[in-house]
Amino acid sequence: MARPNNSTLKNITFYAACFAFSVTLFIALAVAGHVYPFGDNSFLANDLKYQYIDFFAWFRRVLLGEANLRYSFSQGLGMNTWGLYSYYLASPFNLLCVLFPQDKLTLFVFVITALKLGCIHISSAWFLQRRFGLPKPAASCFPSRSRFAAGPSATCATRSGSIASSCCPSAPTGATSSFANKK
């Protein structure tokens, strides 16, 4: 097996630093704001508080073999749950909910939010470097500090979409209009 060259190691280090910066910033802000798990405040707002926690509890039961992915009798006479899974829960990050007990799903949401913000930073830095030829320091300044990624209006689904749209040059993110087109 060939050893990685120096350029590959520099890229890995750069992207690891992007990831670590976003995760550290998120955790530092949670500590400063006394947000769970570092205090009594909660970042669960709107749909995240009233829908997603229940969705994750159900999805955790599905992954543990206690519920069915395609149909659930928990509401009325039952309902098809494939759409619920496809729209809200299909992110690979959500598989990690199995590692958290039922009463710690809020901690799970905190952890995957930190992981998703780190991945948004990596994918955005990669896209800005490839699309606009920005140097690494400039490319690392933009991503994951937007209200869309971390604000109360962001849901777990929009964060997963942010990771994918950062890598897709045809995504209508508005980022391409902020810079001059370079070919």
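Leaving aside neighbours within four places in sequence, glutamine 129 is in contact with Phe14, Tyr15, Leu134, Lys136 and Ala139, where contact means heavy atoms within 4.5 Å. Glutamine 129 is found in helix 4, and its relative accessible area of 13% makes it buried (buried is under 20% relative accessible area, exposed is over 50%, and partly exposed is in between, with a 1.4 Å probe and protein chains only). The model is a predicted one, so to speak of local features takes a pLDDT of at least 70 and side-chain atom pairs count only at pLDDT 80 or more, while totals for chains, interfaces and linings use all residues. Residues are numbered from 1 along each chain as its sequence is written, and side-chain values use heavy atoms, with hydrogens and water left out.

Now for the overall layout. The chain has seven helices and two strands, these being DSSP runs numbered from the N terminus (H or I over at least four residues for helices, E over at least two for strands). Read along the sequence, the pattern is α-α-β-β-α-α-α-α-α. Of the 183 residues, 34% count as buried. Among contacts between residues at least 6 apart in sequence, 65% join residues at least 24 apart. The accessible surface of the chain comes to about 10800 Å², and 62% of that belongs to carbon and sulfur atoms; the areas come from the Shrake-Rupley method with a 1.4 Å probe, and for residues only the protein chains shown count as cover.

Helix 1 takes up residues 6-32, 27 residues in total, and reaches 38 Å from its first C-alpha to its last, close to the 39 Å expected at 1.5 Å a residue (the expected span is 1.5 Å times one less than the number of residues). Its buried residues are Phe14, Tyr15, Cys18, Ser22, Val23, Phe26 and Ala30, and these pack against helix 4 (105-132) and helix 5 (136-139).

Most residues other than glycine have a negative phi, and most peptide bonds are trans. Histidine 34 lies in the loop between helix 1 and helix 2 and, at 48% relative accessibility, counts as partly exposed. Apart from neighbours within four places in sequence, histidine 34 is in contact with Gly39, Asp40 and Asn41. Proline 37 also has its place in the loop between helix 1 and helix 2, and a cis peptide bond, with omega about 15 degrees, joins tyrosine 36 to proline 37.

On to the cores, a nonpolar core being a set of buried Ala, Val, Leu, Ile, Met, Phe, Trp, Tyr and Cys residues joined through side-chain atoms within 4.5 Å. The largest has 20 residues, of which Phe56, Trp58, Phe59, Leu89, Leu105, Phe108 and Val109 touch the most other members. Helix 2 (47-63), helix 3 (82-89) and helix 4 each supply at least two residues of this core, and the largest share, nine residues, comes from helix 2. Leucine 105, leaving aside neighbours within four places in sequence, is in contact with Ile53, Phe56, Ala57, Arg60 and Cys97. A second, separate core of nine residues includes Phe14, Tyr15, Cys18 and Phe132.

A search of the whole structure finds 13 aromatic pairs; rings of Phe, Tyr and Trp (its six-membered ring) pair if their centres lie within 6.5 Å, with planes under 30 degrees apart counted as stacked, over 60 as edge-to-face and the rest as tilted. Phenylalanine 38 and phenylalanine 110 are edge-to-face because their ring centres are 5.9 Å apart and their planes sit at 75 degrees. With phenylalanine 38 in the loop between helix 1 and helix 2 and phenylalanine 110 in helix 4, the pair ties together parts that are 72 residues apart in sequence. Phenylalanine 38 is partly exposed at 37% relative accessible area, whereas phenylalanine 110 counts as buried at 6%. Tyrosine 52 and phenylalanine 55 also form an edge-to-face pair, 5.9 Å centre to centre with 65 degrees between the planes. Both lie in helix 2, three residues apart, about one turn of the helix, and both are buried. One aromatic cluster is formed by Tyr52, Phe55, Phe56, Tyr87, Tyr88, Phe100 and Phe108.
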